[in-house]
Amino acid sequence: MLEELAYTALHYDYVVVGGGIAGVTCLETLAQLSAFQDDIKILLISESTLIKALVNYQQIGHTMESMDVTEQDYCTLTSRFSNVTILNSRVLRLDTDKKHIYLSACEDVYSYGKLCVATGASPKYLSDNEHVLAVRDTQSVQQFQEKLKDSERIVIVGNGGIATELVYEVQGCEIIWCVKDKSISSAFFDDSTAQFFLPHLQESSLPKEKQGKTISRRWKYTSEQCAGSSSAAAKDYSGNALGPDWAMSFNLKGFKVIR
């Protein structure tokens, strides 16, 4: 009987796991739909103290949409929605039969009515070698930046947005770009457009200090949760995916003078 009472006290109607764009959008929608129902309780569980949110959303015509992605402190959600609770923790175990969720930050067990898991994809680690990194969040980029300082040659495996930005942003280092597709950045450009951009990546260009500096007008937040942790520990930590303008916050320079 005491166990049942404990579970009842920690019950939430909706539990969202993940502080990325999908998780935060789901939570905001649920909070808005239940704005006039004080008995509806919503819980967001995120490993990071920073969340990703969509702002300045506009519907342009029938098929086009415009929006910006911003990083915010998770406390902004609790200040906006009175029925929202946020826990900075990791999910250890999930019991779908009993509808119980177990966290690492405490010994409490949370029960739920409906569960949304929005943690995104897990990075594919090619090797356990200390020199092989999977870049997906701010923590992994910081580790990459530290290793890049003493590097003369790097290999970038991947053909998505992060790989494309790394190839463009990294200086002072020879780059070998490995892609499985017929053209670069195939998720964003067709073959003809990719062929047009390819010479611009291969040719020597002015140092970025002499180029026009891009100004970002988005708010910037930082998180010190995993600062100084090892690469092995970073594999156990899953921060939110990188958003726009992430490369502007890092000095991605290698050991060589030439690119």
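Start by selecting leucine 43 and threonine 85, because the latter, in β5, is the bridge partner of the former. The model on screen is a predicted one, in which local features need pLDDT of at least 70, side-chain atom pairs count only at pLDDT 80 or more, and totals for chains, interfaces and linings use all residues. Residues are numbered from 1 along each chain as its sequence is written, and side-chain values use heavy atoms, with hydrogens and water left out.

**The sheet**

Strands here are DSSP runs of E with at least two residues, and helices are runs of H or I with at least four residues, both numbered from the N terminus.

**The nonpolar cores**

Next, select Leu27, Ile42, Leu44, Leu77 and Val84, which have the most contacts inside the largest nonpolar core, a set of 14 residues. Such a core is a set of buried Ala, Val, Leu, Ile, Met, Phe, Trp, Tyr and Cys residues joined through side-chain atoms within 4.5 Å. Two or more residues each come from α2 (21-33), β2, β3 (50-60) and β5, and α2 gives the largest share, 4 residues. A second, separate core has 13 residues, among them Ile154, Ile156, Leu166 and Leu201. Returning to valine 84, look for its contacts (heavy atoms within 4.5 Å): leaving out residues up to four places away in sequence, valine 84 touches Leu27, Ala31, Ile42 and Thr78.

**The cysteines**

Select cysteine 116 and cysteine 26 together. The sulfur of cysteine 116 has its closest cysteine sulfur in cysteine 26, 3.8 Å away, which is too far for a bond; the structure holds 0 disulfides, a disulfide being a pair of cysteine sulfur atoms within 2.5 Å. Cysteine 116 is partly exposed at 26% relative accessibility, whereas cysteine 173 is buried, with a relative accessible area of 0%. Buried means under 20% relative accessible area, exposed over 50%, and partly exposed in between, with a 1.4 Å probe and protein chains only.

**Two loops**

Move to tyrosine 125, in the loop between β8 (109-117) and α4 (138-148), where this residue is partly exposed at 34% relative accessibility. A C-alpha to C-alpha distance drawn from tyrosine 125 to valine 135, 10 residues apart in sequence, comes to 9.9 Å.

Finish at serine 185, in the loop between β10 (174-178) and α6 (191-202), which counts as buried at 1% relative accessibility. Its contacts, apart from neighbours within four places in sequence, are with Asn159, Thr164 and Trp177. The side chain of serine 185 also makes a polar contact with that of threonine 164 (2.8 Å); this term denotes a pair of N or O atoms within 3.5 Å, where within protein one must be able to donate a hydrogen and the other to accept it, and residues adjacent in sequence count only if both atoms are side-chain atoms.

Note on methods: Pairing = 2+ DSSP bridges.
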